[in-house]
Amino acid sequence: MSGEPDYAARLRRRHRSEMRFRFYGLLSIALAGVILVVLIGSIVLKGYSAFWQTHVRLDFAISAEQVDIDNLRETNWGGLVKATLRDMAPGVTGRRDKRKLYQFVSPNAGYDLRDAIAADPGLLGTEFSLWVKASDDIDMLTKGHLDRTLPESDRRVSDLELGWYDRFVGEGRIELRFNLDFFTTADSREPEEAGIQGALMGSFLTLLVTLALSFPVGVMAAVYLEEFAPKNRWTDIIEANINNLAAVPSIVFGLLGLAVVISLFGVPRSAPLAGGIVLALMTLPTIIIASRAALKAVPPSIREAATGLGASPHQVVMHHVLPLAMPGILTGTIIGLAQALGESAPLLMIGMVAFIVDTPTGFTDPATVLPVQIYIWADSPERAFVEKTSAAIMVLLAFLACMNATAVWLRRKFERRW
Amino acid sequence: MVTNGQQDENPAHAAARVKMQAKKVAVFYGEAQALHDVDLDIREHTVTALIGPSGCGKSTFLRCLNRMNDVIDICRVEGRIMLDGEDINTPSLDTVHLRARVGMVFQKPNPFPKTIYDNVAYGPRIHGMTSGKSELDEVVETSLERAGLWKEVRDRLDEPGTGLSGGQQQRLCIARSIAVNPEVILMDEPCSALDPIATARIEELIDELRTNFTIVIVTHSMQQAARVSQRTGFFHLGELVEVGNTDQIFTNPDDQRTQDYITGRFG
């Protein structure tokens, strides 16, 4: 006979095991939380500085004779910038030293000057100052990413440049300013000029193609399979293969895109159209599976009610089932698109990894997308691309968070009780 | 076995025309047979109650009457069901048309998650029964009035039908089905999800509707069958054991099983 103490001991053991179980659960969540914080934290810490850029104030005194106001392209703007730099640092004579001096500011400083004159020709003949971007090395110096205590031979910035830098800082010529250009320019070999607009636009166009292809096809497939298709071996096979398709590695879709979309159908390489088609293939199973689940969740009583009133199967679906399933379908679609937005592997296969300095304006322009841009920058040797990489990751994450928030919001807003 | 064709003592009932007629109806779900050779006449402007223990096939039979079983893949119906002398199972007969003539009210109130107005207007709209908004408004109003709901909802026709109470929802469903002006209304345990007061309202309503429609009601409650119906059929284990005038079934049934069921010995 099991006595009282035995039972009490067993009860205590049960409570202890319950406590342990809860503790493991808490531990897992804490671990996941710490990893997430470390990940996001390191990206933000590395990347936030990319939204600021070191600028140098240049003082100009340009006479009207130096510039052909009707033909601004003909003027040697770079030369004017160089002349100003020579004035700012007198006594630089050697060719090498001069080149170093010229490299103090971004090679695009001449265009900034041109744009300023074009915007206000009244500046000609007066003395005016203009803030232009410093080169990436100077930018890194300002942001504290270069170690001044290293011997000169190990540094990217020579003692001479450090001398200029310190003097300019003393003169108030160096300033960190918000880098709006990061959002309004495309990629560039010069880190200080590189922006993500090209990649953003590429992602947008690609996703537009993906949505336009995968949403109607996915929803129609789901509606047919769920509402109309007979349940037999064929539909079982189709269903199993849709699930298999969802598990196919994305790079395989890239190869398929290369072989079929580009080689067979002749869609231009690197184009959002090609990328969108490939990503649509990849997103389709997600949308079909989510849509079928949403359709299945519509209570049969609604179908019965409509059928009992004499609605045809088509009317039952279009008037009742599909509208009620739409929030779930949209949620699935957004999640599928978010997946597509973060996808890079299949796009590498179809040439969207190219270095493209123009923002794409159409579906057949060469383009790249955000995750691939991240890959390109992460692969670049310049120190300044490290922060650009993290900044691009932040932008990508922000978009993904927005899309997922929209999905949650849709689900909440249209959640119905039957 | 089947005691159809009873002598009807009430001349009013005897005079009623046969609206629907089931002849040797058998239903199979896959291999399993759910109904065996049911013969039943449904008389015009009469409430016919189908009673019996759970799983006896009464709902299955009801759903045969407007071919709602078509939606179930594995379901197979044999035998003939006539509506005004026309076989409803002939392939040439359109189910859409059939269900406009034979409406249905379900066990659980199932209004569409739309406005009260749209719920009632849906049937007339899909069948193109009205031309113009004012005519549709009129159909909605009369249907709600006939379902005894008009006074309660006249000021909130644009509110969702799902926001009504259970009893109101069920009356809305009745209004929805009479809006298409059917000849027969099938009711599958319409009060089983309702409280006694709402049930009483629906029962009153069924009695009023009898003047315009032919009604077949499946019910678990023998009291309800006794209250609302003129004719009662008793189902047991997939067979129609006995059918006759309600007062006769409840006071003097022919079959021992009916006797046992109505006296509460099983079921």
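**The interface of chain A and chain B**

Tutor: About 1,700 Å² is buried between chain A and chain B, and carbon and sulfur atoms account for 62% of that area. Please keep in mind throughout that this is a predicted model, and that the values below are computed from it. The contact draws on 18 residues of chain A and 20 residues of chain B.

In a salt bridge between the two chains, the side chain of R63(B) meets that of E304(A), with 2.8 Å from N to O. Given a cut-off of 4 Å between a Lys or Arg side-chain nitrogen and a carboxyl oxygen of Asp or Glu, the pair R63(B) and E304(A), at 2.8 Å, therefore qualifies under that rule. Five residue pairs in polar contact, with both residues at pLDDT 80 or more, are also found across the interface of chain A and chain B. On the side of chain A that touches chain B, the elements giving two or more residues are α12 (300-308) and α13 (313-341) of chain A. Of these, α12(A) gives the largest share of that side, namely seven residues. Sorted by class, the side of chain A that touches chain B holds seven nonpolar, eight polar and three charged residues.

Within the area that domain 1 of chain A buries against domain 2 of chain A, A50(A), F51(A) and M140(A) supply 57%, which is more than any other three residues.

Across the interface of domain 1 and domain 2 of chain A, the rule again finds one salt bridge, and K143(A) and E387(A) form a salt bridge through their side chains, at 2.7 Å from N to O. Three residue pairs in polar contact, both residues at pLDDT 80 or more, are found across the interface of these two domains.

Over all chains, the structure holds 36 salt bridges. One of these joins the side chains of D137(A) and R156(A), at 2.9 Å from N to O. This pair links distant parts of the chain, since D137(A) sits in helix α5 (residues 136-142) of chain A while R156(A) sits in the loop between α5 and α6 (159-170) of chain A, 19 residues apart.

Finally, in chain B, helix α4 (residues 116-126) and helix α7 (residues 166-178) pack at an angle of about 30 degrees, with 7 Å between their axes. I116(B), N119(B) and V120(B) of α4(B) make this contact with L172(B), A175(B) and R176(B) of α7(B). By class, the contact of α4(B) with α7(B) has four nonpolar, one polar and one charged residues.

Terms used. Residues are numbered from 1 along each chain as its sequence is written. Chains are lettered from A and ligands numbered from 1 in the order in which they are written. This is a predicted model: local features need pLDDT of at least 70, side-chain atom pairs count only at pLDDT 80 or more; totals for chains, interfaces and linings use all residues. Side-chain values use heavy atoms; hydrogens and water are left out. Contact means heavy atoms within 4.5 Å. Buried area is the accessible area (1.4 Å probe) that two parts lose on being put together, summed over both. A polar contact is a pair of N or O atoms within 3.5 Å; within protein, one must be able to donate a hydrogen and the other to accept it, and residues adjacent in sequence count only if both atoms are side-chain atoms. Helices (H or I, at least four residues) and strands (E, at least two) are DSSP runs, numbered from the N terminus. Ala, Val, Leu, Ile, Met, Phe, Trp, Tyr, Cys and Pro count as nonpolar, Asp, Glu, Lys and Arg as charged, and the others, Gly among them, as polar. Axes are lines fitted to C-alpha atoms, for helices over the stretch in contact, and angles run from 0 to 180 degrees between N-to-C directions.
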